[in-house]
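Here is a friendly tour of the pockets in a protein model. Have the structure open as you read.

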Amino acid sequence: MSSITKRHVPTSQLLGEYLTFVPTPQQVDHFKADMRTLNPTLLRDSIREGVQVQALQQIPIPEQRLVIHRIYTRKVKEFSSIYPFVFAVENALRSVLADYLEERFGRMEWWTLIRNARQNGQTYTAFPNILGTPVNPAFVKAVWRVFDNMVNPQQINNVTGNNKTDEFYYCLTLGDLWTIMQADWPLIRDMFATDAVLGFTFTKTMFNDTLRVIKETRNELFHSNPIKDRKKIVDACERILNGLQFHLGDYDHDLGATQYVRVPATVARAQRHVIPAR
């Protein structure tokens, strides 16, 4: 089951099915402004939550929209709280993979061999091993495809020429990382803590299922789509990070305790500003 909340909530559904009162014309205008500017699914869920906990019925009608906006803002904060975990997974995978493959192949810039072979007209089948370490042809093919699909001039420039080290890894999307790693699981498995340490058998199937959840979440976050099953996503991130010696609990605690300097808004609130409700 997907962890993503589906979109496309009709205006009539929001105004008709979930409100606990018949709105005035002015209130209708305000809710229409909300639906033009706010995320419609998150707004729908905020209205639903207000109705379910009876928060809306217990306060005067003019203040009900204010309650809905407060619930909405909390949901936005919950939504944004997922990003640091996904960010941590992607960066941990990229960094640990670079160090791990340097150990396995003996050179950080092993990937330049594949780059050069591709430029010289060879195919990925020319690599039964990399610097003496046997590899699955699917692994080489996955690396090869990164170069095939590279269109960003800056990325191409970063991986071109001599004196290269880990530039290749910073051209990889989360999907690229996933594809490369699952292509040769026997090669990659030792990058993570052992099954005895983890307390379960970390199989290729489990790795793929876990990365699928994280990748779907990353895509939805960057398209501003609400996430409905945060626990499933946090569990997936923790599974990967724990295997890479990264403690998600301490990281989350530090995030909660961290203070940062906010950039203040400079526009004074005017009567035309109807969002958020005041």
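What volume does the second largest pocket have? About 280 Å³.

## Ground rules

This is a predicted model, in which local features need pLDDT of at least 70 and side-chain atom pairs count only at pLDDT 80 or more, while totals for chains, interfaces and linings use all residues. Residues are numbered from 1 along each chain as its sequence is written, and side-chain values use heavy atoms, leaving out hydrogens and water.

A pocket here is an open set of points on a 1 Å grid over the protein atoms alone, where a 1.4 Å probe fits, with protein on both sides within 12 Å along at least five of seven lines; lining residues have an atom within 4 Å of a point. A volume is the space filled by probe spheres set on the points, which are joined across faces, edges and corners.

## The largest pocket

At about 490 Å³, this is the largest pocket. Its lining includes Lys 77, Phe 85, Asp 252, Tyr 260 and Arg 262. Helices (DSSP runs of H or I, at least four residues, numbered from the N terminus) α4 (61-80), α5 (83-105) and α14 (248-257) each supply at least two lining residues, and α14 gives the most, with 3.

By class, the lining divides into 4 nonpolar, 5 polar and 3 charged residues. Asp, Glu, Lys and Arg count as charged; Ala, Val, Leu, Ile, Met, Phe, Trp, Tyr, Cys and Pro as nonpolar; the others, Gly among them, as polar.

## The second largest pocket

Here 18 residues form the lining, and His 30, Pro 62, Arg 65, Ala 277 and Arg 278 lie nearest the centre. Both α2 (25-37) and α4 supply at least two of the lining residues, with the largest share, 5 residues, coming from α4. This lining divides into 8 nonpolar, 6 polar and 4 charged residues.
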